[in-house]
Amino acid sequence: MSAAIGVAAFAAGAVVSLATSWLLVSRLERVGERLGLSEALLGIVAALAADAPEVSAAVSAMASGEQRLGAGVVIGSNVFNLAALLGLGAVVAGRIGLHRKVVLLGGTVAMGVAGVCLAVVLGVVPPAAGCLLGLFILVLYAVALGASGQRLARLRVPRPWITWLRSAVTEEEAELESAIRPAPARWPDVIVAGGSLVIVVAASVTMERAAAALGNRFAVPEIVVGGLVLAAVTSLPNAVAAVYLAARGRGAATLSTALNSNTINVVIGLLVPAALLGLGRPSDQTILAAAWYMGLTAAVLGFAYRDRGIWRVTGILVIAAYVVFAASVLALAYTGPRAARAAILAGLAVAVAFTAWLMLGRSPDARNNPPGPSSPRPARRNPADQIRGTPAEISANGSSPHTARARITGPSQPRRGQESLLAGWPVRKLWVLGLAGSLVVAAIDAALASRAILIGLLIVGPCCAVLTGRWVPTGLTGLWVTGLAVALGFPDGIWGTAIFFTWLGAVAVVALASTAAAAFIQALRPARPRRAPET
């Protein structure tokens with residue numbers, strides 16, 4: 001397969017798979033609603049449908065004898081989910097409020113499955129035994145979500161346990177209710193769901209095969225293709241949905257979405273194929289990814305329980321941890337055992353930082369936060385209130401003196417058309433930040449020349465620009481960083497080599513994905529109301 005055909009097949013497979021997965025999710029939710037499933041079980045169904053690209057790509061890789069690539073897709077996707085769904089969601093929302101019982105219930109299941117995943121990857125537990133354990137945890141969780149109190153009482157467990165479990169499930173359903181409200185399905189929805197599933201599987205297999213061929217052609221390690229490239233691309237729908245929910249004040253559903261998605265990824269996409277096809281010998285890269293997955297899951301759950309939610313500073317820490325994870329995977333993949341010690345030290349440093357912040361740090365007003373989702377932001381002052389004010393409260397220009405004084409002394413707020421996904425940050429400010437950040441990275445890379453290749457860090461530009469929620473500045477930033485990546489091939493001394501095209505392709509994929517995500521967010525945001533004509 002030539003490089004041009006491989007790139008075209010990868011791009012086409014990714015676009016078709018990710019676009020159709022949205023249709024599959026919506027139709028399966030409707031089918032679940034017709035069957036009378038609870039909101040919690042609908043969340044499981046939605047996660048299963050959204051995971052179709054990751055699971056299909058992983059199974060395709062393992063069926064082709066590329067166990068390391070398949071395992072990398074699943075585990076790398078789970079680490080990416082923690083950073084994109086929870087980390088980025090918290091950065092956008094400021095705070096994702098959560099119930100502690102939901103954190104304990106979902107966290108127990110997530111940590112159990114993550115532990116089984118790490119044990120199987122290490123070779124401590126055979127894949128068949130790990131598959132049975134994972135299926136047992138998943139089925140038990142589904143039964144707990146869907147069973148009524150009377151059915152749970154038949155299990156002859158202590159009544160306080162049943163009461164606590166039903167309370168936790170009720171709180172989880174309350175968090176998911178605002179995000180999952182499908183209409184009951186009709187026969188066309190069932191047909192569309194079946195057809196969408198076939199298309200998603202076929203497109204995902206095409207995408208995985210093209211990525212594997214390109215990786216072999218340009219000598220890109222399997223763990224990089226699977227654990228970073230395919231993992232991020234296949235997880236983009238979940239990430240976009242999480243950012244959209246968080247921007248609209250409904251980020252509480254992202255925890256259940258992320259944990260359910262990760263659990264299904266491991267059980268269906270890794271443990272079941274490993275039990276049938278084998279997982280091969282343990283590798284340092286896969287073990288590193290599995291350890292990061294379990295450790296970052298534990299850290300996120302610890303912060304969520306302590307603060308009754310996830311604050312923006314915690315989200316920034318989670319995103320930074322993912323950057324360290326990606327750098328460790330790249331170093332271990334390209335330099336081999338020589339980077340193993342550095343990768344271990346980096347992981348330990350992150351673990352120490354998280355532990356110190358968890359034990360000593362405290363988010364603002366964490367003690368005074370009520371349990372559960374944070375209250376909605378206060379509504380803006382209605383301009384009509386100025387008309388209804390008393391004459392003494394209206395100044396000569398027709399506005400309230402309090403409003404006029406706030407305009408003079410208070411910080412200027414962006415107008416509605418200039419608002420980004422981050423509260424208080426205008427679109428232009430985030431756009432300039434993305435352009436400046438990528439320019440700083442390019443300057444440092446050019447100064448270091450061939451001693452360090454920092455082209456991959458140029459993605460900081462589109463990653464900042466996507467938070468504007470506007471596709472035009474995000475697309476222009478993507479073109480900007482792609483041009484910088486092309487230019488940096490000369491001072492880095494890699495122009496025209498396989499490494500150069502690998503980094504250039506990675507930057508271009510992130511730029512395109514960020515532009516598509518921004519376009520989707522902009523399309524879903526409510527339209528700006530027209531100003532009434534003055535009389």
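## Glu208 and its salt bridge

Glu208 is buried, with a relative accessible area of 0%; buried means under 20% relative accessible area, exposed over 50%, and partly exposed in between, with a 1.4 Å probe and protein chains only. Arg209 forms a salt bridge with Glu208, and the closest N and O atoms of the pair are 2.8 Å apart. A salt bridge here is a side-chain nitrogen of Lys or Arg within 4 Å of a carboxyl oxygen of Asp or Glu.

The model is predicted: local features need pLDDT of at least 70, side-chain atom pairs count only at pLDDT 80 or more, and totals for chains, interfaces and linings use all residues. Residues are numbered from 1 along each chain as its sequence is written, and side-chain values use heavy atoms, with hydrogens and water left out.

## Other salt bridges

The structure holds five salt bridges. Side chains of opposite charge can pair when their charged atoms come close. Arg209 also forms a salt bridge with Glu66, with the closest N and O atoms 2.5 Å apart. Arg209 lies in helix 9 (residues 187-217) and Glu66 in the loop between helix 3 (52-63) and helix 4, so this pair ties together parts that are 143 residues apart in sequence. Helices are DSSP runs of H or I with at least four residues, numbered from the N terminus. Arg209 counts as partly exposed, at 30% relative accessibility, whereas Glu66, at 11%, counts as buried.

Asp307 is paired with Arg306 in a salt bridge whose closest N and O atoms are 2.8 Å apart. Asp307 counts as buried at 0% relative accessibility, and Arg306 counts as buried at 8%. Arg27, Arg30 and Asp189 are linked in a network of salt bridges.

Helix 4 (residues 67-93) has 27 residues, which should span 39 Å at 1.5 Å a residue; its end C-alpha atoms are 38 Å apart, which agrees. The expected span is 1.5 Å times one less than the number of residues. Helix 4 bends by about 25° at Phe80, the bend being the angle between axes fitted to the seven residues ending there and the seven starting there. Just after helix 4, Gly94 takes a positive phi of about 90°.

Helix 9 has 31 residues and reaches 45 Å from its first C-alpha to its last, close to the expected 45 Å. Just after helix 9, Ala219 has a positive phi of about 60°.

## Nonpolar cores

A nonpolar core is a set of buried Ala, Val, Leu, Ile, Met, Phe, Trp, Tyr and Cys residues joined through side-chain atoms within 4.5 Å. The largest core has 94 residues, of which Ile75, Leu228, Leu230, Leu270, Tyr293 and Phe325 touch the most other members. Helix 4 supplies the largest share of this core, 16 residues.

Leaving aside neighbours within four places in sequence, Phe325 is in contact with Val79, Leu228, Ala289 and Trp292; contact means heavy atoms within 4.5 Å. A second, separate core of 13 residues includes Val441, Phe500, Leu504 and Val507.

## Confidence

The predictor's confidence in each residue is given as pLDDT, from 0 to 100. The mean pLDDT of the protein chain is 79, and 81% of its residues reach 70 or more. Among the elements of the chain, helix 13 (residues 284-307) has the highest mean pLDDT (93) and helix 16 (residues 384-388) the lowest (39). Over residues 374-414 the pLDDT is below 50, and this stretch has 28 contacts in the model beyond near neighbours in sequence.

How values were computed: Helix = DSSP H or I, 4+ residues; strand = E, 2+ residues; numbered from the N terminus.
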